[in-house]
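Please look over the model below before reading on. My notes follow as numbered points.

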Amino acid sequence: MSLRRGVSVYSAARLCTNSVLKTRNSAKSAAIRTFTTRIDDTIKTRRSIVDLRSDTVTSPTRAMLECALHAQTGDDVYSEDPTVFALEDYAADLFGKDRALFVPTGTMANLVAILAHCHGKLGSEVILGASSHLSLYEGGNVATLGGIHTRQITESVDDATISTRDILDMFRTDDDDHYAATALLCLENTHNSLGGIALTKQYMDTMGQLAQQQNIPMHVDGARIFNAAIATDTPVSDLVAHADTVSVCLSKSLGAPLGSLVVGSTETMTLAKRARKH
């Protein structure tokens, strides 16, 4: 093949390749435009209706996004994130507890709190409501990750409470090796599966005092605890005064894209942070 002919063949091949690439890029651009148009249409449609599936579908406001964009950040391993520290300090003060711990999800907040309370008590037992989120929707994580047994009590459908008598009947001490010893009482306020019922301060106080009498702590799944505080017209710190730990979700109703907090004593939060690491 002559040099001139070789150059001609190369030029033709190059033109053909460029033409193919141009066609592909054009098709790709068209596909991207179609995709983004569909996304825009979906967003517009969703904004035009009220989505009542769950309060978890709330979205951040522009002000929240701007705040996140300009927030100071740091390395969590070196305990150098000033924004997280500020959030934790604010939450601890708001709930009237010693410390708070930031975690990604509400499920993790409940999990690390329970693991902290049952630290060093493998095979212990937690009393909770049969219809609670902890019982139904958290993957049995306290069993699989903590070796913890749950004792479930049916709540009242009228007010979402667990009766004192039922708790005492279910309570088991560590004096018989056939039984798992009761180590924790868990409540949910508001109670999601029973229509969002808010537990009253009087009931919360009674349950906290009952737990203290049995020498066990009380954890409150307070994913929507601010709703309960508003519904009962009670400051959140008063509502959970007798709780040892409380979890609260920032993405339900509050509009944050993710994140939860768990609050409690310094010692318990230290153990919860260790559990978060695991």
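How far does helix α3 reach from its first C-alpha to its last?

1. Helix α3 spans residues 82-95, 14 residues in total, and reaches 20 Å from its first C-alpha to its last. That is close to the 20 Å expected at 1.5 Å a residue, where the expected span is 1.5 Å times one less than the number of residues. Helices here are DSSP runs of H or I with at least four residues, strands are runs of E with at least two, and both are numbered from the N terminus.

2. A word on the basis. This is a predicted model, in which local features need pLDDT of at least 70 and side-chain atom pairs count only at pLDDT 80 or more, while totals for chains, interfaces and linings use all residues. Residues are numbered from 1 along each chain as its sequence is written, and side-chain values use heavy atoms, with hydrogens and water left out.

3. The overall picture. The chain holds eleven helices and seven strands. Of its 278 residues, 37% are buried; buried means under 20% relative accessible area, exposed over 50%, and partly exposed in between, with a 1.4 Å probe and protein chains only.

4. Val-84, Glu-88, Ala-91, Ala-92 and Phe-95 are its buried residues. They sit on the same side of α3 because they cover an arc of only 100° around the axis, the arc being that of the directions from the helix axis to the C-beta atoms. Asp-89, Tyr-90 and Asp-93 are exposed, on the face turned away from the buried side.

5. What does the buried side of α3 pack against? Its buried residues meet β1 (99-103), α9 (225-231), α10 (236-239), β6 (245-249) and β7 (260-264).

6. The ends of α3. Asp-81 caps the N-terminal end, with a side-chain oxygen 3.2 Å from the backbone nitrogen of Thr-83. After the helix comes Gly-96, with a positive phi near 70°.

7. Helix α4 (residues 106-117) has twelve residues and reaches 17 Å from its first C-alpha to its last, close to the 16 Å expected. Ten of the twelve are buried, so α4 is largely enclosed by the rest of the structure. Among the buried residues are Asn-110, Leu-111, Val-112 and His-117.

8. Strand β5 (residues 218-221) is covered on both faces. Met-218 and Val-220 are buried on one side, His-219 and Asp-221 on the other. Strand β4 (residues 182-188) runs parallel to β5, and four bridges join the two. Strands count as paired if DSSP finds at least two bridges between them. Leu-187 has Val-220 as its bridge partner in β5.

9. The loop between β6 and β7 deserves a look. Pro-257 is found there. Is Pro-257 buried or exposed? It counts as exposed, at 64% relative accessibility. Leaving aside residues up to four places away in sequence, Pro-257 touches Pro-60, Met-64 and Ser-251. The C-alpha atoms of Pro-257 and Val-57 are separated by 9.1 Å, though the two residues are 200 apart along the chain.

10. Ser-251 lies in the loop between β6 and β7. Ser-251 counts as buried, at 14% relative accessibility. Its contacts, again not counting residues up to four places away, include Asp-55, Thr-56, Thr-58 and Pro-257.

Methods:
Contact = heavy atoms within 4.5 Å. Polar contact = N/O pair within 3.5 Å; in protein donor to acceptor, adjacent residues only side chain to side chain.
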